[in-house]
Amino acid sequence: EYYFPTVSKAINGPALDEYEYNDGITVPPAGLQVIEEYFFPVYEKKSKNEILKEIGILNANLYRLEMISKTNELTDSSVFDAMRLEVFRIITLGITGFDSPIAQNSLPEVKISLETIEKQLAIYGENKQNLVALKILKEGKDYLDKNSKFNEFDRAYFIKKYLNPLSKAIYKTQMILKIPFFEESRGLKVTAQTLFDRNAFDAEAFSGFPDYKTTKEKIELGKMLFNDPVLSGNNTRSCASCHHSNKAFTDGLEKAVSLDGKQMIKRNTPTLSNIAFQRIFFYDSRVNYLEDQAVAVITNENEMHGSLEKSVLVLKKRKKNTAHFEKAFPQKEITAFAIKNALASYIRSLSNYDSKFDRYMRGEEKLNFDEIAGFNLFAGKAKCATCHFIPLTNGTVPPNFDKSESEVLGVPGKDKKIDGDLGKFDLTKAEVNRYSFKTPTIRNIALTAPYMHNGVFKTLEEVVDFYDGGGGQGLGFNLSNQTLPTDKLNLTPLEKKQLIAFMKTLTDKNRY
């Protein structure tokens with residue numbers, strides 16, 4: 001997984017078709033998760049030939065992995081990096097069931113992962129921190145032996161008691177041994193001791209313009225532009241007109257009214273809070289960088305119908321604006337790029353993981369019984385965390401965080417039929433993307449109603465009921481490409497309340 005992610009994905013990737021943008025083709029799934037679905041919950045003998053075919057493909061990929069691994073040289077830096085990433089993978093993809101969605105063998109697999117880390121650490125001797133790590137590993141394995149039921153497993157306790165201390169101990173062992181850390185820009189910082197560190201994620205690593213880093217001056221300029229109607233075609237609408245800070249930068253409407261007041265904008269206004277840590281933007285995933293998102297909204301005829309070039313001419317005539325641009329972009333003129341880069345810098349600054357949940361994971365605050373139960377449901381029985389990955393709660397896939405996913409849920413419209421918006425399909429024309437929409441962050445979700453791309457659900461209770469019933473297929477829609485599990489979750493009324501109680505802990509303490 002660490003050195004050969006492409007081959008590894010063919011061995012243990014999600015059992016879903018995937019559209020390849022570069023080649024314009026849909027690639028069928030392969031590997032262990034595909035085979036798993038033939039055996040669980042029940043094996044049917046008529047599937048034997050399909051199973052043998054999949055095992056043949058798996059064998060070929062395992063042989064391929066063996067061949068390319070033979071000449072691969074390990075370094076101490078790589079080993080320690082991979083060990084911490086494995087701890088992060090356990091938190092995000094292991095105990096949540098992502099890696100074993102049907103069989104739910106996640107917890108036995110976690111024990112194997114811990115045993116593997118233990119074998120590697122043992123090579124490095126018995127320094128103080130290494131002994132700490134080895135003790136945590138032993139206790140963690142014992143806990144797994146005594147707590148083996150998937151739906152009852154206390155993930156909150158396991159992460160805080162064992163996994164967070166383990167990744168810290170591995171980090172400190174590397175420091176004691178003076179094994180260098182890699183000097184490279186990653187979404188999850190190379191030096192992150194836990195997934196829940198205050199600054200574990202690097203917004204700059206998600207930027208398409210590494211030479212134009214975010215600065216205090218750019219943030220101030222971006223905030224000013226964000227609230228200035230000069231960017232709209234008729235000087236009546238700013239970005240802030242539809243993104244209100246007290247609503248986590250949404251507007252509280254199903255859909256905003258178009259600039260001319262004659263129609264509704266196509267989709268619900270998404271939050272801008274905590275969106276910096278993703279690889280795609282807009283519900284249909286049509287752009288990859290915040291700078292391009294800003295341009296797309298400004299130039300959209302129904303949203304702002306503006307022109308960056310025309311805005312540049314107006315801003316150059318304002319002395320106050322000129323001074324702000326000179327501070328943010330020394331020795332450079334006011335340009336279209338400067339406008340979009342400043343706006344993107346401001347939006348990046350809105351990513352502040354300081355919710356009650358984050359503070360709980362850092363040992364700074366307590367959650368009550370229902371909130372903890374809600375997290376355990378979120379990361380377990382309710383399967384939320386298999387799409388809204390911990391800790392970002394968006395679709396950016398851990399532990400490398402280099403790709404953001406979309407899902408086909410089968411969201412209804414007001415007429416109780418499937419909503420007519422085709423989502424990503426309009427861009428790719430690939431059937432696998434019909435009704436596919438980006439998985440958004442659910443940070444600050446208590447502030448961002450109504451929900452879904454069309455604003456059809458007014459409350460979190462309605463959202464939970466939709467997922468509990470199996471999404472669109474559960475509503476009776478003929479949706480063969482639905483990626484959301486179609487089985488009912490069978491959540492009790494209390495469990496639904498607890499799940500919502502947890503989601504409310506994702507509200508940022510310091511809002512803007």
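Me: In which helix is Asn341 found?
Reply: The model shown here is predicted. Its protein holds 18 helices and four strands. Among these elements, the one in which Asn341 is found is helix α12.

Me: Is Asn341 buried or exposed?
Reply: A residue is called buried when its relative accessible area is under 20%. Asn341 has a relative accessibility of 0%. Asn341 therefore counts as buried.

Me: With which residues is Asn341 in contact, leaving aside its neighbours within four places in sequence?
Reply: Contact requires heavy atoms within 4.5 Å. With the neighbours within four places set aside, the partners of Asn341 are Tyr212, Lys218, Glu291, Phe329 and Arg348.

Me: Why do the buried residues of α11 line one face of the helix?
Reply: Helix α11 covers residues 319–328, and its buried residues are Asn321, Phe325 and Ala328. Viewed down the helix axis, these buried residues lie within an arc, so they line one face of α11. In general, an α-helix has 3.6 residues a turn, so residues three or four places apart point the same way. The arc that holds the buried residues of α11 is one of 65 degrees.

Me: Which residues are exposed on the other side of α11?
Reply: The buried residues of α11 pack against α8 (216–226), α10 (308–316) and α12 (336–348). On the other side of α11, the exposed residues are Lys319, Lys320, Glu326 and Lys327.

Me: Is Pro180 buried or exposed?
Reply: Pro180 is placed in the loop between α7 (155–176) and α8. Exposed residues are those over 50% relative accessible area. Since Pro180 has 52% relative accessibility, Pro180 counts as exposed.

Me: What distance separates the C-alpha atoms of Pro180 and Asp76?
Reply: Leaving aside neighbours within four places in sequence, Pro180 is in contact with Ser77 and Gln174. Pro180 and Asp76 are 104 residues apart along the chain. The separation of their C-alpha atoms is 8.4 Å.

Me: What radius of gyration does the protein have?
Reply: The C-alpha atoms fill a box of roughly 65 × 60 × 50 Å along the principal axes. For 512 residues, a compact globule would have a radius of gyration near 24 Å, and the protein agrees with this because its own value is 24 Å.

Me: What percentage of the 512 residues in the protein is buried?
Reply: Of the contacts between residues at least 6 apart in sequence, 65% join residues at least 24 apart. The accessible surface of the protein comes to about 24,400 Å². The buried share of the 512 residues is 53%.

Definitions and conventions:
Residues are numbered from 1 along each chain as its sequence is written. This is a predicted model: local features need pLDDT of at least 70, side-chain atom pairs count only at pLDDT 80 or more; totals for chains, interfaces and linings use all residues. Side-chain values use heavy atoms; hydrogens and water are left out. Helices (H or I, at least four residues) and strands (E, at least two) are DSSP runs, numbered from the N terminus. The radius of gyration is taken over C-alpha atoms; the globule rule is 2.2 Å times the number of residues to the power 0.38. Buried means under 20% relative accessible area, exposed over 50%, partly exposed in between (1.4 Å probe, protein chains only). Accessible areas come from the Shrake-Rupley method with a 1.4 Å probe; for residues, only the protein chains shown count as cover. The arc is that of the directions from the helix axis to the C-beta atoms.
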